[in-house]
Amino acid sequence: MTSDLFASSATPAPDAEAVAQLRRTLHEHAHRYYVLDDPLISDAEYDRLFQQLQAIEAAHPELVTPDSPTQRVGGRPLDAFASVRHALPMLSIRTETDTEASGAEAFDGRVRRELGLDAAAPAIEYVTEPKFDGLAMSLRYVRGVLVQAATRGDGELGEEVTQNIRTIGQIPLAPTLLAARSSLPPEGALAPWGGPAALGSGASLPQVPEVLEVRGEVYMRRDDFEALNARQREKGLKTFVNPRNAAAGAVRQLDPAIAAQRPLSFFAYGLGEVTPVEQGGPVFETHFELLQTLKAWGFPVSDLVQVAQGAPELIAYYESIARTRDSLGFDIDGVVYKVNSLALQRRMGFVTREPRWAVAHKFPAQEQITTVLGIEVQVGRTGKLTPVAKLAPVFVGGVTVTNATLHNEDEARRKDVRVGDSVVVRRAGDVIPEVVAVLVEKRPPDAPQFTMPQQCPVCGSTALREEGEVDYRCSGGLFCSAQRKQSILHFAQRRAVEVEGLGEKLVDQLVDGHVIRTLPDLYRLGLTALASLARMADKSAQNIVVALEKSKQTTLPRFLFGLGIRHVGEATAKELARHFGSLDAIMDASEEQLLSVADVGPIVAHSLRTFFDQPHNREVVAQLRACGVNWSEGAPAVQAPQPLAGKTLVLTGTLPTLSRDQAKDLIEAAGGKVAGSVSKKTSYLVAGAEAGSKLDKALELGVAVLDEAGLKDLLNGHS
């Protein structure tokens, strides 16, 4: 797709004022990004506009002006900082916009053509490294001491930020020779994908020269960024959009004490001015050797820097870094390829604003700007309500995104996302797209603030947010169609009413095919309906019918647990059944009465009361009973002796006569608790045949070990 401003050499020149306006737009965005640290558009959008201007000027050279952004690197320094003229310009690197692996082949082809190499010539050797998403920095050392740190600025003039850079612990104030040649990778060492990582052929590392300018990237690690934003929120201050924005803001703090509170990191990737060889300066044959020397002098160099032979290994590197990108501790937006031989670099030279011997090969953008068309609230399988921004389609992270999660009400309010807003959307790998920032400057004047609904948007049940929780949840678990599959699977599981053979795939077929709509529909299934399902043989269908019939005879604790009431687990269900004796008594109990049950606190009592106050939940229970689901009920049980009250037991191995579930039921009936792992708080380990590591742990901690007979003695009140 091309802009209306584009024109080929065969078409009339585009309107000069429109081109001038495009230049002004780029200047404004560059100023906000590099100088004010307050960008209005994403990096990908800026690159698109820049490439548009490049194409226009290439087709119509008469429109090129000296002040065009294509003739310079970046913005002007802040007046609050002293200006620094770089001894050697800090030029940018050409960007390869083909985000497929073929972009590596295109670069290798250009290099070979520049060097006049034919197909039979050996492969070119390259240095490959991540394209760090930070702030370019030049560190100047004189006689081994850091005397100046400067930002890139416009490539010729930068900002002096020495005091702030001194706060970065990774940057040496006085680099020295820290390693011998023997500590470096051996010549010919293999990179992870099989390519060589050869060094130049020097006998020893050079000493730090009298004048040394180290070029690199100041950045902020993701964990440091999250911690910084957490502190900002606690103080009620503005949070940062991304780590790059936070790093730039820290570097440009006028007060170094504030900068020191914002943790920054640094990677070195090259040199600026260095003492000439004829005056005793270092001699390097390759860029990789240069980097390893910087590392030996004490500068941090990324472990991801490698050497690659030809296009195939460039592609391998690109794909390898792309796969691990999301697991790195810092942000990158691509990789960089550089011809390794410094002699070849000098031979190829530069073109206007960039070296011919290097390229930045970008990954698909992980952040883009789009518009919020609406905000919907989705209901998950467990009843959680999640606000979701409906977006104008945008290509980000390699896919077209139309939805982005807002997580919960607090997050939506904190970000203040509204319908009509222009927002920055991020998608990293397989992570669900999310809104990371709102461009408030572009907000429509009548955009309403988002509020969570008080009823479930699917079934109309009350939406509840419990104290101390961030999520709202639908209270209509048995009735809500959004929770239908989860409710059925929970009800049919082994620890509940147990419908053998009713697994996730079969439930998916039954619900997606509209064969069942509510839980009681399970017991209305006939053999014909089941046998008609895909991949369901007559025998399998018959087995399900038999299992459903068998499950009708259950117990009150299993049925109560199977209802899926929030916070009501197996142990709580047993205590409720023991205390009240009947389901009707439980359903009609007040919160005060529920609180008299052991293992029931205010949260559980409120959850029970809310569940049974929903008329449709009572209706589902009534229909299940009408379908024949039954259990034995009686008067509230007199509190039985609790010989294991306050005791925690762990089960391991196979007992002679008791199954694991039977043993657990007996222990809980006696007032004990069953844990899954052994700790110092474990009272007893009950060990059967083939006991494993739990037995070893118990012996190590001195925990008493029982066999089945010993357990039965405890249950009978014998010590």
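Which residues in H17 meet Lys664, Asp665, Glu668 and Ala669 in H22? Select Glu570, Ala571, Lys574 and Arg578: these H17 residues make the contact, where contact means heavy atoms within 4.5 Å. The contact residues comprise two nonpolar, no polar and six charged (Ala, Val, Leu, Ile, Met, Phe, Trp, Tyr, Cys and Pro count as nonpolar; Asp, Glu, Lys and Arg as charged; the others, Gly among them, as polar).

The model is predicted: local features need pLDDT of at least 70, side-chain atom pairs count only at pLDDT 80 or more, and totals for chains, interfaces and linings use all residues. Residues are numbered from 1 along each chain as its sequence is written, and side-chain values use heavy atoms, with hydrogens and water left out.

Next, show helix H17 (residues 570-580) with helix H22 (residues 660-669): their axes come within 11 Å and cross at roughly 55°. Axes are lines fitted to C-alpha atoms, for helices over the stretch in contact, with angles from 0 to 180 degrees between N-to-C directions. Helices (H or I, at least four residues) and strands (E, at least two) are DSSP runs, numbered from the N terminus.

Move to the open sheet, where five strands with mixed pairing are ordered S2-S13-S10-S3-S9; strands pair if DSSP finds at least two bridges between them. At the edges, pairing on one side only, are strand S2 (95-96) and strand S9 (306-309).

Now select strand S3 (residues 125-132) and strand S10 (residues 332-339), an antiparallel pair joined by six bridges. Pick Thr128, and its bridge partner in S10 is Tyr337.
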